[in-house]
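Me: Hey, I'm new to this one. Can you walk me through it?

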Amino acid sequence: MADGMDVLPLGLWLDLLGTFVFGVSGAMLAVRRRLDAFGITVLALAAALSGGMIRDLALGATPPAAFEDPRYLIAALGSALCVFFGHRLIARLGKPVMVLDALGLGLFAVAGCRKALLFGLDPLPAIILGIMTAVGGGALRDLLVSDVPRVLREEVYALAALVGATLVVAGAALEAHEAWTAAVGVAAALLIRIVSVWRGWHAPRAPGS
Amino acid sequence: MADGMDVLPLGLWLDLLGTFVFGVSGAMLAVRRRLDAFGITVLALAAALSGGMIRDLALGATPPAAFEDPRYLIAALGSALCVFFGHRLIARLGKPVMVLDALGLGLFAVAGCRKALLFGLDPLPAIILGIMTAVGGGALRDLLVSDVPRVLREEVYALAALVGATLVVAGAALEAHEAWTAAVGVAAALLIRIVSVWRGWHAPRAPGS
Amino acid sequence: MADGMDVLPLGLWLDLLGTFVFGVSGAMLAVRRRLDAFGITVLALAAALSGGMIRDLALGATPPAAFEDPRYLIAALGSALCVFFGHRLIARLGKPVMVLDALGLGLFAVAGCRKALLFGLDPLPAIILGIMTAVGGGALRDLLVSDVPRVLREEVYALAALVGATLVVAGAALEAHEAWTAAVGVAAALLIRIVSVWRGWHAPRAPGS
């Protein structure tokens, strides 16, 4: 049931929070690799903005939101600034890159899938675009420092994004409350990802490999 | 000579076959690296879909075909599934990643060049876009597992795509039968690539390097 | 003050020179890694064309200029040819990849920022797009041969692009002579980058990292 709440603000909300959180994950990785202030900024921007840009380019929504709305850049640059001065505090969270990455994963999976549905994509492509939005920024971040991206290396990573995006499609089909649907999608992706790391869940390997 | 056959079905044909074949090459590489079911799916999707997406984004054909037509996703996901259960069978082909990669290279070089011509690009840019379509998916696949992409590492790789795409341009200029032109282009690229690996052909290095 | 000179030729000028110069940097890197003629061509094209393509895709200016105007491809292929036969001559320049990369960085930062302003982007996004144009080609070039991109590894790299792009925005705000503004922007970026390498300037690391 639509509730008179404007659709875009919720999407913007998810986008900006995801941008900030992924930006922090990129900047923390840069600090851990002992990069300088510019390396921190570049890795924060790459992690924060590239998932959403891939999504907007794929939807033909050019220029991407990150270039039209200054709040995206402010969120990404703000994340670099927070990490530059506060990285020791953030590091005390324990596995901060993993947890922030998991939250960003959920936020972007939901935001990407919602925007794809708004642009008229069918459910399956919308889910795939949600996953691409969610994993794109983190994959570029990892590639830039020559890591094999988390999405390949770690178990149950793509699954978390898949579940978040699928809940958005299900919510839309059931005409559920949009903000609740989004919250449930983000929470499900975050939980699946964190519990899978914590409990060491493994996805099956191909038989005989 | 145009023959009343609709242009798009042939292009779709080439695209879907290339998508499946590249998907298998990505999934086989993932199995060889002992990635889990999600890693296999992600690498299959990346190899299968990114070349065509680069092409469609460059042509301004958004959303990319892979998001509009569910058959692309089915082909890519199907390739992951086939490999998950059948990788030992496929591995008996001998050098399966190389052979499938060569077939996908030819299919995408031809499909990319044809679509570029349909969108009104000039011959030289159409050839370059054909090569980008052909090498893009494989390059991303290799980058994601931290390999130097085949297109740089291995001899005569880009040449095979170049020949396939050039034959499409020549066929269009001569108004040759479209399906035959496509078949000749794919076969030429496949043959050049496989023979070059088999015979150890080398492209020249820069003098004195 | 506008001076009756057409805006696009200057942009084209910057683009083509940047394309050639980045192409040479890519081809020189390929020679150093002992890649063959095709590897040289692919790395030259990737370094030369991808920054501008990212820019044009982000602006929705499709097909990208590199596919519409044959001079881009000629510049990129010409750079590969020059390096193939003249790499020993170029290598005598001392640090040729670094110097050419610095010049290309300045040219593309200015060209990218100018085009973004022409397309109506606000100053901050225009600066970021200028930086992306400038660092994109070099980052892909480095990623393709499995290096951590210079933009992360080396100090003051992104800063040089930032200064070049910012001077363009400042020049536009002051309605300064366009060609002079561009020249000052390119020169500033080039100087900052070269002096920073020469003097070993360091950007600050995060406190306590």
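Here is a short chat about how the chains are arranged and where they touch.

Reply: It's a predicted model, where local features need pLDDT of at least 70, side-chain atom pairs count only at pLDDT 80 or more, and totals for chains, interfaces and linings use all residues. Residues are numbered from 1 along each chain as its sequence is written, chains are lettered from A and ligands numbered from 1 in the order in which they are written, and side-chain values use heavy atoms, leaving out hydrogens and water.

Me: What rotation superposes chain A on chain C?

Reply: One of 120°, with 0.0 Å of shift along its axis and an RMSD of 0.0 Å, by least squares on the C-alpha atoms of residues with pLDDT of at least 70 in both. That is the relation of a three-fold axis.

Me: OK, switching to B and C. How many residues does the contact take from each?

Reply: Chain B puts in 28 residues and chain C 26, with contact meaning heavy atoms within 4.5 Å.

Me: And what area is buried between chain B and chain C?

Reply: About 2,500 Å², 72% of it from carbon and sulfur atoms; that's the accessible area (1.4 Å probe) the two parts lose on being put together, summed over both. On the chain B side, B:Leu152, B:Arg205 and B:Pro207 lose the most area to chain C, together 24% of what that side buries.

Me: Last one: which residues does C:Ile40 touch?

Reply: Leaving out residues up to four places away in sequence, its contacts include B:Ala206, C:Val31 and C:Phe84.
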